[in-house]
Amino acid sequence: MKKTNAARFLDKTKIKYEICEYSVDESDFSAANVARKLGMPPNQVFKTLVVRGDKNGVIMGIVSGESEIDLKALAVLSGNKKVEMVHLCEVILLTGYVRGGVSPLGGKKNYPIFLDRSALQWSVISISAGLRGAQILLKPEDLIKATGAALGDIGRIVEETREKEQ
């Protein structure tokens, strides 16, 4: 596999990681589906969501595959009064990444990153490598180090995902 910008970014910072590839299902880019393909629990696979705050502009929130982002909690943590998801058509323009392949690493611009605290329960987590069909496995502490991410309780578990996995 060709190196992605996210992998090159980690190489520069000398952070250890592993890239895992999986077959892409064009009808389902969900983190829960990626977790199934990687043989990992959905709460160990993290998705990066692009959000815009009313005071601080574009930010990224990273939550587990079994969660949805808690916009109110993210607003408070990020110093905004209100945040909302950016339109899908803006994601590639803002990050250089397509839906289903957004990475908090190596994007067009370094946006403030906010990571759900649940990541710390794992020795290794999975995040997008910057393209569909590839994930980066790394220590959550290394992701924090690489991105300067702030930790908070920004994920809200979606019961439907948990029920499907059981």
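## Salt bridges

A salt bridge is a side-chain nitrogen of Lys or Arg within 4 Å of a carboxyl oxygen of Asp or Glu. Side chains of opposite charge can pair when their charged atoms come close. This structure is a predicted model, where local features need pLDDT of at least 70, side-chain atom pairs count only at pLDDT 80 or more, and totals for chains, interfaces and linings use all residues. Residues are numbered from 1 along each chain as its sequence is written, and side-chain values use heavy atoms, with hydrogens and water left out.

How many salt bridges does a search of the whole structure find? The search finds seven. One of them joins the side chains of Lys3 and Asp11, at 2.7 Å from N to O. Lys3 has 39%, so Lys3 is partly exposed. Asp11 is also partly exposed, at 33%.

Some pairs involve strands and helices. These are DSSP runs numbered from the N terminus: helices are H or I with at least four residues, and strands are E with at least two. Arg156 and Glu68 meet through their side chains in a salt bridge of 3.1 Å, N to O. Arg156 sits in strand S10 (residues 155-157) and Glu68 in strand S4 (residues 67-69), so the pair ties together parts 88 residues apart in sequence. Arg156 is partly exposed at 39% relative accessibility. Glu68 is partly exposed as well, at 36%. There is also a network of salt bridges here, which links Glu68, Asp70 and Arg156.

Asp153 forms a salt bridge with Arg117, and their closest N and O atoms are 3.4 Å apart. This pair links distant parts of the chain, 36 residues apart. Asp153 lies in the loop between strand S9 (150-152) and S10. Arg117 lies in the loop between strand S6 (113-116) and strand S7 (125-128). Are these two residues buried or exposed? Asp153 is exposed, with a relative accessible area of 56%. Arg117 is partly exposed, at 40%.

## The whole chain

The protein chain has six helices and 10 strands. Its C-alpha atoms fill a box of roughly 40 × 40 × 30 Å along the principal axes. The radius of gyration is taken over C-alpha atoms, and the globule rule is 2.2 Å times the number of residues to the power 0.38. For 166 residues, a compact globule would have a value near 15 Å; the protein chain has 15 Å, which agrees.

Buried residues make up 49% of the 166 residues. Contact means heavy atoms within 4.5 Å. Take the contacts between residues at least 6 apart in sequence: 63% of them join residues at least 24 apart.

Helix H2 covers residues 31-38. Six of its eight residues are buried, so H2 is mostly covered. The buried residues are Ala31, Ala32, Asn33, Val34, Ala35 and Leu38. Just after H2, Gly39 takes a positive phi of about 70°.

Where is Asn43 found? Asn43 is in the loop between helix H2 and strand S2 (46-53). Asn43 is buried, with a relative accessible area of 18%. Leaving aside neighbours within four places in sequence, Asn43 is in contact with Ser64, Glu66, Gln121 and Trp122.

Gly53 has its place in strand S2. Gly53 is buried, at 10% relative accessible area. Which residues does Gly53 contact, leaving aside its neighbours within four places in sequence? They are Asn80, Lys82 and Val83. Gly53 and Ile136 are 83 residues apart along the chain, and their C-alpha atoms are separated by 27 Å.

Ala75 has its place in helix H3 (residues 71-78). Ala75 is buried, at 3% relative accessibility. Not counting residues up to four places away in sequence, Ala75 touches Asn80, Lys81, Lys82 and Val83. The C-alpha atoms of Ala75 and Lys12 are separated by 31 Å, and these residues are 63 apart along the chain.

How values were computed:
Buried < 20%, exposed > 50% of the residue type's maximum accessible area, 1.4 Å probe, protein only.
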